[in-house]
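Visitor: I'm new to this one. Could you show me how to read it, feature by feature?

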Amino acid sequence: MTTPPLPPCTNCGQPMRRRSEPNDGRRLYQARGMCASCYEVRRRRASRTLRRTQATDAEREQRRAAGKAAAVEARRQRLLALATPAPIEPDWRERAACLEAGPYAFADPDHTDAVKAMCSSCPVARSCLEAAMQEEHRQPMAYRAYMRGGLTTAERTSLDRIRRHRKDDAA
Ligand code: SF4
Ligand SMILES: [Zn+2]
């Protein structure tokens with residue numbers, strides 16, 4: 001009983017032979033319907049592509065980590081710039097940019113960016129922040145609410161900690 005001949009290589013179209021058949025000039029069958037040389041070319045190309053993808057993944061991860069570190073550092077610098085308490089202007093409440101907006105502008109967490117923008121152009125932002133810092137001094141973050149003076153509750157908690165450490169250092 002003779003086994004039927006192999007179909008030609010699906011890649012190069014050359015006739016192929018099995019390993020058990022004598023070498024009569026036909027290409028050796030390797031795998032996936034391809035001759036040995038076509039299969040090898042495919043395999044190398046695939047591993048090159050894989051290496052390239054892995055490299056881009058690593059780069060992307062590196063960029064993401066660098067971006068996160070930069071954001072953390074920028075936040076730290078922003079808070080450090082506020083480490084020294086400033087005086088509170090007596091009439092600051094009357095000049096507050098948020099007087100018109102009303103309390104609901106603050107309650108909705110989705111409005112944080114909008115509130116941030118409002119606070120950043122508020123003429124009495126520093127007084128507002130200092131008033132909040134005095135009220136909330138040594139309180140846990142859960143005690144704090146809303147953005148005040150352009151800082152979120154988490155940022156004010158960090159700033160309070162920074163100020164406390166500064167005092168401890170000075171003492
Ligand atoms: S800084 Fe923001 S929260 Fe404070 S008074 Fe100004 S607008 Fe209102
Ligand atoms: Zn081939």
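Visitor: In which sense do β1 and β2 pair, and over how many bridges?

Guide: First, a word on the picture: this is a predicted model, where local features need pLDDT of at least 70, side-chain atom pairs count only at pLDDT 80 or more, and totals for chains, interfaces and linings use all residues. Residues are numbered from 1 along each chain as its sequence is written, while chains are lettered from A and ligands numbered from 1 in the order in which they are written. Now the general idea: strands of a sheet pair through backbone hydrogen bonds, either parallel or antiparallel. Here, β1 and β2 pair in the parallel sense, over 2 bridges. Two strands count as paired if DSSP finds at least two bridges between them. Helices (H or I, at least four residues) and strands (E, at least two) are DSSP runs, numbered from the N terminus.

Visitor: What lies between β2 and β3?

Guide: Those strands form a hairpin, with 2 residues between them. Here's the background: most residues other than glycine have a negative phi, and most peptide bonds are trans. Arginine 32, in the turn, has a positive phi of about 50 degrees.

Visitor: Is arginine 32 buried or exposed?

Guide: Exposed, because it has 11 C-beta neighbours inside 10 Å. The rule goes like this: a residue is buried if 20 or more other C-beta atoms lie within 10 Å of its own, exposed if 12 or fewer, and partly exposed in between, with C-beta atoms placed from the backbone. Arginine 138 also has a positive phi, about 65 degrees, although it is not a glycine. You'll find arginine 138 in the loop between α4 and α5 (153-170), and it is exposed, with 8 other C-beta atoms within 10 Å.

Visitor: How many residues does helix α1 have, and what span does it reach?

Guide: Helix α1 (residues 36-80) has 45 residues and reaches 66 Å from its first C-alpha to its last, close to the 66 Å expected at 1.5 Å a residue. That expected span is 1.5 Å times one less than the number of residues. α1 is hardly covered: of its 45 residues, the count of buried ones is 1.

Visitor: Which residues of α3 are buried?

Guide: Val115, Met118 and Cys119. Seen down the axis of α3, they fall within an arc of 95 degrees, so they line one face of the helix; the arc is that of the directions from the helix axis to the C-beta atoms. Turned away from that buried side are the exposed residues Asp113 and Ser120.

Visitor: What surrounds ligand 1?

Guide: Its shell includes Cys98, Met118, Cys119, Cys122, Cys128 and Arg148, where a residue is near a molecule if its C-beta atom, placed from the backbone, lies within 6 Å of it. The elements giving two or more residues to this shell are α3 (112-120) and α4 (125-136). By class, the shell has 9 nonpolar, 2 polar and 1 charged residues. For those classes, Ala, Val, Leu, Ile, Met, Phe, Trp, Tyr, Cys and Pro count as nonpolar, Asp, Glu, Lys and Arg as charged, and the others, Gly among them, as polar.
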